[in-house]
Each structure stands twice: as C-alpha cells, then as structure tokens.
Amino acid sequence: MLTTYRHGPEEGLPLLIVHGLFGSARNWGVVAKRLSVDRPVLTVDMRNHGDSFRAEANGYRDMADDLAQVIEKNGGMVDIVGHSMGGKSAMMLALTHPDLLRRLVVADIAPVSYSHTQLHLVEAMQELDLDGLTRRSEADRDLQRIVPDSQTRAFLLQSLDLKSTPPRWKLNLDVLAQEMDKILGWPDPGGHFNGPTLFFSGGASDYVLPEYRADIKRLFPQARFAKIPGAGHWLHAEKPREFEATIAAFLAG
C-alpha cells in the first residue's frame, strides 16, 4: 500500500490529499495539519514517489486503484483533494470508484491531455552528479545550470535524500520518464461522478482553460469552479491560507 501519513483526530470522515508529479506527502504537511483541526487528514506518497513502492507502471488507473486501497484501509469513504497528477488520479478514482468519495477537489488540472512535458526535469535530475554531495545547497548550485528557476529547483530537491549512502532521488526517474506520456494524457474511462466537485485553479495558471469546461461538466455534472487571483500552478504553496480557506468552506458545504 502507499506510504500514508495521518494528521488530526482519529474520529471523523478523513480528508485524503494527493500530491502531484515529483511531489510527496511532505510537500503538504503544513496544509494537512491546518486542515486537521476537527477531522483526520491523510497524505500519501504516490507510487514511484517518496517512500512508497516502486512499480513499472504509472498510469491513472493504477494510481486510482492505489488510492482506493488506502481509502478502504481507512474507513471506506473520504473527501479528497488532488493536485496536478494527483488531481487526475483523484478524478479517475471518482469515475471508477465513486462509492469511496463524498466530495472531490481538483487543484489546477483538467481531465484532458496536455502537450507540455516535464521530461526535461527528469533529465536534469538524472544528470545531476550525486557522488560526494553532502548539502542541498551544493545540489542546488549544480542543478542551476539546467533548471534556472529557483522555486522549481527547491521543489525538486525536496525529493533528494542526502541521508542515504550514496545520496539518491526518492523518485523512480526511469519509470517517470517512460510513463510521461501517460502522466500528461487522460484515458477517459467514461461514466460520471455525481458528487459535489470543485475545480480550483490559480488565476495565473493556464492548466484549466475555459474550453475544458464542457469535458469537465460531462464527467462531473456538479462541478463548480474557483480561482485564486495571482496564483500559478502550485497554488497551495503560493497562496496557502487562501487555498486552505476555500477548501475548508467547500468541504463544509
């Protein structure tokens, strides 16, 4: 089963938070703790990420089945928040296992195939010489020539395990590269999820465009839409308090 972390009280309907590509449960620790005041909050490391198992496949049906197993081990019903790849995994879960969800929040992603790629970031991590690294600042300096954006580097380097001998990435980079087309794609399973659904995006992001709304409403008839002005794709990291407040209000509705 996926490596799972639990925050907050034992009783109550859990909220399950699902991270995106190259992320981990660790990225969501502060948000999870703030949302766990009056309910349990679960965070997971997805397959081929963090401390979870390694697998040869990284498709959305596989990831949805992984999440279903976590839910069944934790009471059989959750609310769920998924960001990016985690949002697509949550949507697939809602469409294939609708009985396991009460409410669904999809953060800055749509049920469509995207043409951009993150393969260059996989290659940048693969090219980084880990031999002899002892400090994250050293890795940041060496990665800078390939990944100029400091926020992106900081995000990627959260998955670098410097306590391991030798240092290693907590990402199955070879499989993520091989499966990148599946991660960017969307294998529409058909059907629909009738539960309350929020598509929550960054106002400065172009991941959820107006022309995607027809597909969204076809699959999620109760979908509502909200944006955080000025936030990009990582809206939960850029505007955490606004993100938490909107999520809490929707889930309480």
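Q: In what numbering are UniProt positions given?
A: UniProt positions follow the numbering used here, feature names are shortened, and annotations may be inferred rather than shown by experiment. This is a predicted model, in which local features need pLDDT of at least 70, side-chain atom pairs count only at pLDDT 80 or more, and totals for chains, interfaces and linings use all residues. Residues are numbered from 1 along each chain as its sequence is written, and side-chain values use heavy atoms, with hydrogens and water left out.

Q: Which residues does UniProt list for "domain: AB hydrolase-1"?
A: The unreviewed UniProt entry lists residues 14-240 under that name.

Q: How much helix and strand is there over residues 14-240?
A: The chain there is 36% helix and 16% strand, with its end C-alpha atoms 20 Å apart. Helices (H or I, at least four residues) and strands (E, at least two) are DSSP runs, numbered from the N terminus.

Q: Which residues of the largest nonpolar core touch the most other members?
A: They are Leu 16, Phe 22, Leu 67, Ile 80, Leu 93, Leu 104 and Phe 220, in a core of 64 residues. A nonpolar core is a set of buried Ala, Val, Leu, Ile, Met, Phe, Trp, Tyr and Cys residues joined through side-chain atoms within 4.5 Å. Buried means under 20% relative accessible area, exposed over 50%, and partly exposed in between (1.4 Å probe, protein chains only). A second, separate core of 19 residues includes Trp 28, Val 31, Leu 198 and Ile 247.

Q: What is His 236 in contact with?
A: Apart from neighbours within four places in sequence, His 236 is in contact (heavy atoms within 4.5 Å) with Trp 28, Val 31, His 83 and Phe 243. His 236 is found in helix H10 (residues 235-238) and is buried, with a relative accessible area of 8%.

Q: Moving on to rings, how many aromatic pairs are there?
A: The count comes to 8 aromatic pairs. Rings of Phe, Tyr and Trp (its six-membered ring) pair if their centres lie within 6.5 Å; planes under 30 degrees apart count as stacked, over 60 as edge-to-face and the rest as tilted. Tyr 114 and Tyr 212 form an edge-to-face pair, 6.2 Å centre to centre with 85 degrees between the planes.

Q: What does the pair of Tyr 114 and Tyr 212 tie together?
A: Tyr 114 lies in the loop between strand E5 (101-107) and helix H4 (119-127), and Tyr 212 in the loop between strand E8 (197-202) and helix H9 (213-219), so the pair ties together parts that are 98 residues apart in sequence. Tyr 114 is buried at 12% relative accessibility, and Tyr 212 is buried at 17%.

Q: Which ring does the charged end of Arg 213 sit over?
A: Arg 213 sits over the ring of Phe 225, 3.9 Å from its centre. The rule requires NZ of Lys or CZ of Arg within 6 Å of the ring centre and within 35 degrees of the ring normal. Arg 103 likewise has its charged end over the ring of Phe 250, 5.2 Å from its centre.

Q: Last topic, the backbone: which peptide bond is cis?
A: The bond from Thr 165 to Pro 166 is cis, with omega near 0 degrees. Pro 166 is in the loop between strand E6 (160-161) and E7.

Q: And what is the phi of Asn 48?
A: Asn 48 has a positive phi of about 65 degrees although it is not a glycine. Most residues other than glycine have a negative phi. Asn 48 is buried at 0% relative accessibility.
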